[in-house]
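User: Hello! I am new to this structure and would like to learn how to read it. Could you take me through it step by step?

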Amino acid sequence: MAPALSPLSHDDIYLLTGLAQGDAMVFRLIYQSYERKIYNIAFFYTGSEEDAEDIVQDVFTSLWLRREKIELKGSLENYITRCAKYTAFFYLKMRQKKKHATENAAIPRPLDGPEEHIRYKDMQAYLHSLLQSLSHKTREIFYLSRYNGLSYPEIANRMDISVKTVEYHVSLALRKIASGKF
C-alpha cells in the first residue's frame, strides 16, 4: 500500500496562492527561502558556480512562468528541490552533448543506413523550423546560450540587455521547443 501524501501546510497554501495571483512579495519570499538551497543542489551536481547560478535563475523563471498551473502533491520545498535536480541533470546532459559534439566534430561518422539518414535529416529540418519560428531576438539568445555555451550574464552583456530578459527568451524558446508548436 502506497503511503498517503501529506496535505499541504498552511505556509505552502499561502505561498502557492500568492504566487498564482502574481504577488511579487510572495515570489521574493520564496526566492529568499530557497535560492541558496537550489544553488547548493545545482553546484553539487554540476560542480560549476556559473551553471549553479544559471540553474537558480532557470528554476525561478520556470516557477514564475508556471505559477498559475502548479498543482502540488507534496511540499513546495520538495517541488523546488526536484526542479533544481532535474534542471541540473539537464545542464549535465547538455554539457555532455556539447563535449561529445566537440570531440566528434572533426570525425565524420557515416550513418548506419538510409532510414537513419532520412530520420536524421527530418529531425534536423523539424528542429530548424521550430527555431526559425522564434523571433529573431529569442532565437539569437537561445543560440548563444545553448549552442555557444554562453552564460546568461555573458549574453546580457554582449547584447546590452538585462539578465532577466535573457532568462525570459531562453525560457520562451525551451517552452516552444518542448511543446513542438510553431
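This is a predicted model: local features need pLDDT of at least 70, side-chain atom pairs count only at pLDDT 80 or more; totals for chains, interfaces and linings use all residues.

User: How many helices and strands does the protein chain have?

Analyst: Helices (H or I, at least four residues) and strands (E, at least two) are DSSP runs, numbered from the N terminus. Here the protein chain has eight helices and zero strands, so its elements read α-α-α-α-α-α-α-α from the N terminus on.

User: What share of the residues in the protein chain is buried?

Analyst: A residue is buried under 20% relative accessible area, exposed over 50%, and partly exposed in between (1.4 Å probe, protein chains only). In this protein chain of 182 residues, 34% are buried.

User: Which residues have the most contacts inside the largest nonpolar core?

Analyst: In soluble globular proteins, nonpolar side chains tend to be buried together. A nonpolar core is a set of buried Ala, Val, Leu, Ile, Met, Phe, Trp, Tyr and Cys residues joined through side-chain atoms within 4.5 Å. The largest one in this model has 35 residues, and Ile 30, Ile 38, Phe 60, Leu 63, Leu 76, Ile 80 and Val 166 have the most contacts inside it. Helix 2 (24-46) is among the helices that each supply at least two residues of this core, and its eight residues are the largest share. Take Ile 80 as an example: contact means heavy atoms within 4.5 Å, and beyond its neighbours within four places in sequence, Ile 80 is in contact with Ile 30, Tyr 34, Ile 38 and Leu 63.

User: At what angle do helix 6 and helix 7 pack?

Analyst: Axes are lines fitted to C-alpha atoms, for helices over the stretch in contact, and angles run from 0 to 180 degrees between N-to-C directions. Angles under 35 degrees count as roughly parallel, over 145 as roughly antiparallel, 65 to 115 as roughly perpendicular and the rest as oblique. Helix 6 (residues 136-147) and helix 7 (residues 152-159) pack at about 135°, with axes 9 Å apart. That is why helix 6 is oblique to helix 7. Residues making the contact include Ile 141 and Leu 144 of helix 6 and Tyr 152 and Ile 155 of helix 7.

User: And at what angle does helix 6 pack with helix 8?

Analyst: Helix 6 and helix 8 (residues 163-179) pack at an angle of about 90°, with their axes 9 Å apart, and are therefore roughly perpendicular to each other. Among the residues that meet are Ile 141 and Phe 142 in helix 6 and Val 166 and Val 170 in helix 8.

User: Is Leu 134 buried or exposed?

Analyst: Leu 134 is buried, because its relative accessibility is 8%. This residue sits in the loop between helix 5 (114-132) and helix 6. Not counting residues up to four places away in sequence, Leu 134 touches Arg 139, Ala 173 and Lys 176.

User: Is Ser 171 buried or exposed?

Analyst: Ser 171, found in helix 8, counts as buried because its relative accessibility is 14%. Leaving aside neighbours within four places in sequence, Ser 171 is in contact with Thr 61 and Leu 65.

Methods. Residues are numbered from 1 along each chain as its sequence is written. Side-chain values use heavy atoms; hydrogens and water are left out.
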